[in-house]
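Please read it alongside the sequence and the coordinates.

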Amino acid sequence: MTQWTPGWSTGQPDSPDLVLAISASDVVRPKQGWLHSWAAIEPFIPVIPGPVYLGQLRASRVFAADIPAASLGEGFETVPLRDALLLMDTAPAELLGTGFQVLQWWHDHQYCGRCGSATAMHPRERARWCEQCSIPWYPRLAPCVIVVIRRDDRLLLARSSRIKRHFFSLIAGFVEPGESIEAAVAREVKEETGLDVTAISYQHSQPWPFPHQLMLGFFADYAGGELVLQEDELAEADWYRPGELPPVPPLTTISGQLIRAMEQKILASGKTL
């Protein structure tokens, strides 16, 4: 799946080209690929709220539509979104993430959050428009920091107390109002582990549609303190050397990418024992 270009459009489609079908937290796949032809999936699409435009895939328009599970017949496969992004290298991650987030916004803002009036599509932007209040309602994005911490020849990995998968991952958390992303890194690390960090440096980002995070990845150096875990967030944490890591998230995730990048950085520095 190539040449995917997100976008926005006014109004409802008259004859959409391709449809990303979603049922609750699952992707509804056809027998081949990830997108349905409009003719194949149209009988299952509810009139309200209807399909929403996502963008272009090569020469085709792409829409997302919510398909009630009870209406599905045979010949469809459902795949949990998290499994698709974590375990399936062939999954079009950007397109799937865009579809789930835009469709969630489409559902959440059919009515104005201020006055309760029905909203309509904004004429010039991807936004729902309240005529009564003259305000737009945009798709929500939640900035979230995630950081790999280095201490000499080791890096800190932690296992969440809330996620069932037995991955060891990184410290992460949401940015608070009025807070810089660097301050958010230092605060989240201190709250969850009791550690102080320095040399906080931004690396790269990844959209993460659970439900609408934008993950901002960082490196940081240990500056002091002893591990004291926030138990409602972390079940366990420890320092690990390259080549001795426990199970970690795959490279399809920003956490997996940051962990492997820090491994390489430590190895390149020659500080491993």
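## Cysteines

A search of the whole structure finds 0 disulfides, a disulfide being defined as a pair of cysteine sulfur atoms within 2.5 Å. In general terms, a disulfide is a covalent bond between the sulfur atoms of two cysteines. Cys 115 is in no disulfide, and the nearest cysteine sulfur, which belongs to Cys 133, is 3.5 Å away. Cys 130 is likewise in no disulfide, and for Cys 130 the nearest cysteine sulfur is that of Cys 112, at 3.6 Å.

Accessibility is expressed as relative accessible area, where buried means under 20%, exposed means over 50%, and partly exposed lies in between (1.4 Å probe, protein chains only). Cys 115 counts as partly exposed because its relative accessibility is 35%, whereas Cys 130, at 0%, counts as buried.

## Basis of the model

This is a predicted model, in which local features need pLDDT of at least 70 and side-chain atom pairs count only at pLDDT 80 or more, while totals for chains, interfaces and linings use all residues. Residues are numbered from 1 along each chain as its sequence is written, and side-chain values use heavy atoms, with hydrogens and water left out.

Strands are DSSP runs (E, at least two residues) numbered from the N terminus, and two of them pair if DSSP finds at least two bridges between them. On this basis, an open sheet of 3 strands has the order 8-9-10, with antiparallel pairing. Strand 8 (120–121) and strand 10 (135–137) stand at the edges with a single partner strand each, so one side of each is left without a neighbour in the sheet.

Strand 8 pairs with strand 9 (residues 128–130) in the antiparallel sense over 2 bridges, and the bridge partner of Ala 120 in strand 9 is Trp 129.

## The hairpin of strands 14 and 15

Strand 14 (residues 196–208) and strand 15 (residues 213–224) pair in the antiparallel sense over 9 bridges, and they form a hairpin with 4 residues between them. Trp 208 stands opposite Gln 213 in strand 15.

Thr 198 is found in strand 14 and is partly exposed, with a relative accessible area of 42%. Leaving aside its neighbours within four places in sequence, Thr 198 is in contact (heavy atoms within 4.5 Å) with Ala 220, Asp 221 and Ala 223. Thr 198 and Gly 224 are 26 residues apart in sequence, while their C-alpha atoms are 9.2 Å apart in space.
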